[in-house]
Amino acid sequence: MTVTPTTDSGSSMTELQKQLSERTAELEQLRCAIEAQSEENRRTARQLTAYQDQLRRLSLELSLTEARERRNIAEELHDHIGQALAFVKLKVSQFHGNAVFCVFEDSIGEVITLLDQTISYTRGLTLQLCPPVLSRAGLLPAIEWLAEK
């Protein structure tokens, strides 16, 4: 006489093993997907860090370039425009008080006043663009100078 296992308990066992096998496969797939996503996240984080570093370098380079340009413009204002205005004022001042030009005395005075205002404005603009104290004395004295202004 052969004993056959009961179909209910054998069938249940086989069904449980099948479900266990399927769940194990699903979990393995999920683990692989999570691992892949984690690696993708790490790669993205490295790229983001690299982009941030690049952005910092570019920002620093831009700031340095801006500072150089401000200094160049300030030097141009001082060395060329400021000097030319001072020279023109000197020449116009020679006419002031001259008997030949006494008819134009008021106009010459107005021109000299306008030249003084323009020279003063140019000096102020030069100081705003690149205070000499910044390049000569450093950041802290420049900040103190700016606070006094």
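**Pockets of the predicted model**

The lining of the largest pocket divides into five nonpolar, three polar and five charged residues, where Ala, Val, Leu, Ile, Met, Phe, Trp, Tyr, Cys and Pro count as nonpolar, Asp, Glu, Lys and Arg as charged, and the others, Gly among them, as polar. The model is predicted, with local features needing pLDDT of at least 70 and side-chain atom pairs counting only at pLDDT 80 or more, while totals for chains, interfaces and linings use all residues. Residues are numbered from 1 along each chain as its sequence is written, and side-chain values use heavy atoms, with hydrogens and water left out.

A pocket is an open set of points, on a 1 Å grid over the protein atoms alone, where a 1.4 Å probe fits, with protein on both sides within 12 Å along at least five of seven lines, and lining residues have an atom within 4 Å of a point. At least two lining residues come from each of α1 (7-95), α2 (105-129) and α3 (132-137), helices being DSSP runs of H or I with at least four residues, numbered from the N terminus; α1 gives the most, with five residues.

The second largest pocket, with a volume of about 160 Å³, is lined by A67, R70, R71, Q128, L129, C130, P131, L134 and S135. This lining comprises five nonpolar, two polar and two charged residues. Here too, α1, α2 and α3 each supply at least two residues, and α1 gives the most, with three residues.

Conventions. Points joined across faces, edges and corners; volume = space filled by probe spheres on them.
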